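Biologist: Can you put the model up and take me through it?
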Amino acid sequence: MHRPATIRLRTSLFEDAVAIVESEFASDLSLDDIARRVASSRRQLQRAYSEIGSTTFREHLTAVRMERAADLLRIRGLTVRDVAHRVGYRQPAQFAKAFRRHHGIAPSDFRANGRFGRLDAVSATPSNAAA
């Protein structure tokens with residue numbers, strides 16, 4: 001068990017890092033960059049992500065990008081390439097692979113199948129069966 005001061009410090013580091021990621025997710029962020037900006041070491045920030053956020057920096061950044069990408073894919077005027085660039089991916093193929101891994105569906109299928117595609121169908125099935 002950690003001392004309360006350690007927990008407060010790591011919580012503060014985590015919250016500061018989350019704020020930066022939430023506002024700058026489309027830029028080229030790295031753990032080292034964030035650690036420097038929150039006046040911490042790389043290792044301390046890794047510990048904060050692990051112990052407070054129950055995740056890693058890379059997983060958090062990817063999750064934020066993928067949620068923003070899903071929002072952007074609902075906008076019909078943007079291509080998948082446009083969305084990829086807006087959420088910080090230089091290569092649309094890398095974006096598509098990450099999106100598929102995160103959401104379980106390709107970005108183009110996500111858009112083509114309606115707002116949520118298979119995600120709606122999957123989440124609706126158990127509640128329909130119970131009714």
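Predicted model: local features only at pLDDT ≥ 70, side-chain atom pairs only at ≥ 80, totals over all residues.

Modeller: Residues are numbered from 1 along each chain as its sequence is written, and side-chain values use heavy atoms, with hydrogens and water left out.

Biologist: Fine. How many helices and strands does the chain have?

Modeller: Eight helices and zero strands. The order from the N terminus is α-α-α-α-α-α-α-α. Helices (H or I, at least four residues) and strands (E, at least two) are DSSP runs, numbered from the N terminus.

Biologist: What share of the residues counts as buried?

Modeller: 36% of the 131 residues. Buried means under 20% relative accessible area, exposed over 50%, and partly exposed in between, with a 1.4 Å probe and protein chains only.

Biologist: And the accessible surface of the chain, what does that come to?

Modeller: About 8000 Å², and carbon and sulfur atoms hold 52% of that. Areas are from the Shrake-Rupley method with a 1.4 Å probe; for residues, only the protein chains shown count as cover.

Biologist: What about contacts between residues 24 or more positions apart?

Modeller: They make up 56% of the contacts with a separation of 6 or more. Contact means heavy atoms within 4.5 Å.

Biologist: Next, helix 1 and helix 4. At what angle do they pack?

Modeller: About 35°, and the axes of helix 1 (residues 4–24) and helix 4 (residues 57–73) are 10 Å apart. Axes are lines fitted to C-alpha atoms, for helices over the stretch in contact, and angles run from 0 to 180 degrees between N-to-C directions.

Biologist: Which residues make the contact?

Modeller: Helix 1 contributes Val 18, Val 21 and Glu 22, and helix 4 contributes Phe 57, His 60, Leu 61, Val 64 and Arg 68. By class that gives five nonpolar, one polar and two charged residues. Ala, Val, Leu, Ile, Met, Phe, Trp, Tyr, Cys and Pro count as nonpolar, Asp, Glu, Lys and Arg as charged, and the others, Gly among them, as polar.

Biologist: Is His 60 buried or exposed?

Modeller: Buried, because its relative accessible area is 13%. Beyond its neighbours within four places in sequence, His 60 touches Val 18, Val 21, Glu 22, Tyr 49 and Thr 55.

Biologist: Let's do the core. How many residues has the largest nonpolar core?

Modeller: It has 33, and Ile 34, Leu 45, Phe 57, Phe 95 and Phe 99 have the most contacts inside it. Such a core is a set of buried Ala, Val, Leu, Ile, Met, Phe, Trp, Tyr and Cys residues joined through side-chain atoms within 4.5 Å.

Biologist: Which helix gives the largest share of this core?

Modeller: Helix 4, with eight residues. At least two residues each come from helix 1, helix 2 (31–37), helix 3 (42–51), helix 4, helix 5 (80–86) and helix 6 (92–103).

Biologist: What is Leu 45 in contact with?

Modeller: Setting aside neighbours within four places in sequence, Leu 45 meets Leu 13, Ala 17, Leu 31, Ile 34, Ala 35 and Ser 40.

Biologist: And Ala 69?

Modeller: Ala 69 is in helix 4 and is buried, with a relative accessible area of 0%. With neighbours within four places left out, its contacts are Val 83, Val 87, Phe 95 and Phe 99. Ala 69 and Val 80 are eleven residues apart in sequence, with 9.0 Å between their C-alpha atoms.

Biologist: New topic, backbone. What is the phi of Ala 39?

Modeller: About 55°, positive although Ala 39 is not a glycine. Ala 39 is in the loop between helix 2 and helix 3, and counts as exposed because its relative accessibility is 71%. Ser 54, also not a glycine, has a positive phi near 50°. Ser 54 belongs to the loop between helix 3 and helix 4, and at 65% relative accessibility Ser 54 counts as exposed.

Biologist: Last one, Glu 24. Why is it called partly exposed?

Modeller: Because its relative accessible area is 27%. Glu 24 is in helix 1 and, apart from neighbours within four places in sequence, is in contact with Leu 29 and Arg 37.
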